[in-house]
Amino acid sequence: MPGRAHGDGFLSGDGNPSRDGTIVWTDRFLDYTWTPEHPMRPVRLRFTMALAEGLGLLDGVERLTPVAAGETELLRVHTPDYIEAVKHAQQPPGPTPTAPPYGLGSADNPVFPHMHEAASVIVGGTLAAAQEIAAGRTRRAVSIGGGMHHAMPASAAGFCVYNDVAVAISWLLDNGFDRIAYIDVDVHHGDGVQRVFYGDPRVLTISVHQHPATLWPNTGWPEETGAGPAEGTAINLPIMPGTRDPLWLRGFHAVVPGALAAFRPQIVISQCGVDTHREDPLADLELSVDGQRAAFIAMRDLADRYAEGRWLAVGGGGYGLIRVVPRAWTHLLATALDRTIDPATPTPTPWREQVGNYAPMVAAPETMGDGADTSYVRWDGPGGGRDTGDERIDRARRALDTSVLATRRASFGLLGLDPEDPRD
């Protein structure tokens, strides 16, 4: 049964009780375990659920327990030989290869026991969320275990074995949906999902990511706009290293709402990787938990505006295992459930003790936010924006606006929009 969010103390923005939303969860998500030294560790999921529970966020909310996706569903995206390779993969002996067959056994994607089964459960979680929304049993669903957006049809990549989001989109296309918008706010380009649907005009993929000249997978340039009949339905906004909340949000709102307004999706799917945080060890953007929360709220509100509230959110990247991911994704769960958590809310003492026992050298965060300023000035067209007199700030704003204009000029005309007009 889908989760039903009815609780005391958590109110929607208009003061009404929480509306229905579904949380997809199983402890089997924790089986997606690479190696002890690997940056993606399932403890980030465990601490997220513990924090949400400690805050009372999930009181009265039933959780939807997924099952592993079957081979028929995996074949929507992945090739038969790749699936067989995952089932029978073994870590190569000796030094770690840089380019092993199917990407399995590299430093990024080492083979681990029962890898096929663990990855199939991740897919099953996102697929279950899609099916709940498609059946009308819920408007919103979140599976923080999902978001494996780098997996390719015939290879693992970037810590991703099977592409759960692409499988769910394929299923939705076969079950009554023909306008699906995918928004990816992970610090890394959503390359796997884009590749699968690059020629499909029914799927709009939007990725806001660190500039590909500065970060793997080195794709996601504005000129990547889709192929054939789908030209214009791939949108990429590269963001320069060092960008903070106000400029990131300026860029997001300069591109994403206009594209959705033109595409008119029936459902919005969000990959909510939080490796954009200033403390993340694998990338170079400088967002706060407060800024990430603002992005989640914006995507939910866009789904309300353009897709009758249908919103499927998944996790993704994020390697600040204690200080970042649990707080950010707890805000994601709250956003889906319309249960607002003030960023100034203290984190529960038992939770701080729990994470302190796990990592005594890491200072557990004391509040649900970073105290950051998330106000931003809307993009106002080519040549817009006022200089502050601080050359560092002004240079960053000009760099952001250059990226915005490049993205809009590459994509917006193909959607029937005016790339120069900030009203579009």
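User: Which residues have the most contacts inside the largest nonpolar core?

Analyst: In this predicted model, the largest nonpolar core has 129 residues, and those with the most contacts inside it are Tyr 32, Ile 169, Trp 248, Phe 252 and Leu 260. Helix 4 gives the most to this core, contributing 11 residues. As a general background, nonpolar side chains in soluble globular proteins tend to be buried together.

User: What does Tyr 32 touch, leaving out residues up to four places away in sequence?

Analyst: Its contacts are Met 40, Pro 42, Phe 112, Ala 118, Ala 119, Ile 122, Met 148, Phe 159, Cys 160 and Val 161. One of these, Ala 119, has its place in helix 4.

User: Ala 119, then: buried or exposed?

Analyst: Ala 119 counts as buried because its relative accessibility is 1%, the cut-off for buried being under 20%. Beyond its neighbours within four places in sequence, Ala 119 is in contact with Tyr 32, Val 161 and Tyr 162. The C-alpha atoms of Ala 119 and Phe 29 are separated by 8.5 Å, although the two residues lie 90 apart along the chain.

User: Switching to helix 3, which of its residues are buried?

Analyst: In helix 3, which spans residues 80-87, the buried ones are Tyr 82, Ile 83, Ala 85 and Val 86. They sit on the same side of the helix because they cover an arc of only 160° around the axis.

User: What about strand 7, how many of its residues are buried?

Analyst: Strand 7, residues 267-271, is mostly covered, with five of its five residues buried. Ile 267, Ile 269 and Gln 271 point one way from the strand, while Val 268 and Ser 270 point the other way, and all are buried.

User: Which strands pair with strand 7?

Analyst: Strand 4, residues 180-184, runs parallel to strand 7 and is joined to it by five bridges, with Asp 184 standing opposite Gln 271. Strand 8, residues 311-314, also pairs with strand 7 in the parallel sense, over four bridges, and there the bridge partner of Ser 270 is Ala 313.

User: How accessible is His 114? And Arg 264?

Analyst: His 114 is exposed, with a relative accessible area of 63%, whereas Arg 264 counts as partly exposed at 42% relative accessibility.

User: Last one: what is the radius of gyration of the chain?

Analyst: The chain has 20 Å, which agrees with the value near 22 Å that a compact globule of 424 residues would have. Buried residues make up 59% of the 424 residues.

Terms used. Residues numbered from 1 in each chain as written. Predicted model: local features only at pLDDT ≥ 70, side-chain atom pairs only at ≥ 80, totals over all residues. Heavy atoms only, no water. Buried < 20%, exposed > 50% of the residue type's maximum accessible area, 1.4 Å probe, protein only. Helix = DSSP H or I, 4+ residues; strand = E, 2+ residues; numbered from the N terminus. Arc of directions from axis to C-beta. Core = buried A, V, L, I, M, F, W, Y, C linked by side-chain atoms within 4.5 Å. Contact = heavy atoms within 4.5 Å. Rg over C-alpha atoms; globule rule 2.2 N^0.38 Å. Pairing = 2+ DSSP bridges.
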